[in-house]
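Biologist: Could you take me through this protein and tell me what stands behind the words you use for it?

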Amino acid sequence: MRPTPPRGKRRAALAGAALSLALTAALAPTAAQAGPADTTATCSLRQNQPHKDTLGNYFSLDLYCDNLASDAFGRPAFNAPVTGRLKFSPSWFVCWTEGDAAPDGNKVWYYTQSDEVVSLPGIKGWGMVPAKVVQTQKHPYPGLPRCPWF
């Protein structure tokens, strides 16, 4: 037979367990925060958002949108060098173009600066990501300009 802890220690243990359960419930993600199954991604066009890439292109408008983690490519092609990696969401995108079709048939790609530089450090992570990375219902996003060099 196990000895019963003194009454004060028992209360402290119960209070600690209750606090732990309350914190777990408070910090647990709700259905609206659930990530991959979440279809409530929001995107918006933002004016007066200055971005200048390493090629000398200047952009004052961007699309600020939820995104998936992804490699960024040196051109809109899956066999292009990986210049960077998007690791965080949301991200901004300054223009779009057409390139290699993704498995779903979509040929739209977006231009952005990655969160992490992978190769070609001189371009500082600038690259193209396929449309499936940008969590919006319509590609290209209405109002976002086409990239000027394509």
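Predicted model: local features only at pLDDT ≥ 70, side-chain atom pairs only at ≥ 80, totals over all residues.

Biologist: What makes up the secondary structure of the protein?

Modeller: There is 1 helix, along with 11 strands. Helices are DSSP runs of H or I with at least four residues, strands are runs of E with at least two, and the numbering starts at the N terminus. Reading from the N terminus, the order is α-β-β-β-β-β-β-β-β-β-β-β.

Biologist: How do you know that strand β1 and strand β4 pair?

Modeller: Two strands pair if DSSP finds at least two bridges between them. Strand β1 (residues 43-46) and strand β4 (residues 62-65) are joined by 4 bridges, so by that definition they pair, and they run antiparallel.

Biologist: What else does β4 join?

Modeller: Strand β7 (residues 91-93), through 3 bridges, again antiparallel. There, C65 stands opposite S91. Put together, you get an open sheet of 3 strands in the order β1-β4-β7.

Biologist: Why are β1 and β7 called edge strands?

Modeller: Each of them pairs on one side only. On average, neighbouring strands of this sheet are turned by 30 degrees against each other, direction ignored; the axes behind such angles are lines fitted to C-alpha atoms.

Biologist: Why is the pair C43 and C65 called a disulfide?

Modeller: A disulfide is a pair of cysteine sulfur atoms within 2.5 Å. The sulfur atoms of C43 and C65 are 1.7 Å apart, so the pair meets that definition.

Biologist: How many disulfides does the structure hold?

Modeller: It holds 2. C95 and C147 form a disulfide too, with sulfur atoms 2.0 Å apart. C95 sits in strand β8 (residues 95-98) and C147 in the segment after β11 (126-130), so this pair ties together parts that are 52 residues apart in sequence. Counting bonded cysteines along the chain, the pattern is 1-2, 3-4.

Biologist: What makes the disulfide of C95 and C147 right-handed?

Modeller: The torsion about its S-S bond is about 90 degrees, so the disulfide is right-handed.

Biologist: How do you know whether C95 and C147 are buried or exposed?

Modeller: Buried means under 20% relative accessible area, exposed means over 50%, and partly exposed is in between (1.4 Å probe, protein chains only). C95 has 1%, so C95 is buried. C147 has 2%, so C147 is buried as well. Of the 150 residues of the protein, 31% count as buried.

Biologist: And why is S60 called partly exposed?

Modeller: S60 has a relative accessible area of 38%, so S60 falls in the in-between class. Its place is in the loop between β3 (58-59) and β4. Q135, in the segment after β11, is at 28%, so Q135 is partly exposed too.

Biologist: Which residues is S60 in contact with?

Modeller: Contact means heavy atoms within 4.5 Å. Leaving aside neighbours within four places in sequence, S60 is in contact with R46, Q47, N48 and Q49. From C-alpha to C-alpha, S60 and R46 are 8.5 Å apart in space, and they are 14 residues apart in sequence.

Biologist: What makes something a nonpolar core?

Modeller: It's a set of buried Ala, Val, Leu, Ile, Met, Phe, Trp, Tyr and Cys residues joined through side-chain atoms within 4.5 Å. The largest one here has 15 residues, and L63, F93, Y110, V129 and V134 touch the most other members. Both β4 and β9 (108-113) supply at least two residues of this core. Apart from it lies another core, of 12 residues, among them A77, C95, W126 and C147.

Terms used
Residues numbered from 1 in each chain as written. Heavy atoms only, no water. Axes fitted to C-alpha atoms, helices over the stretch in contact; angles between N-to-C directions.
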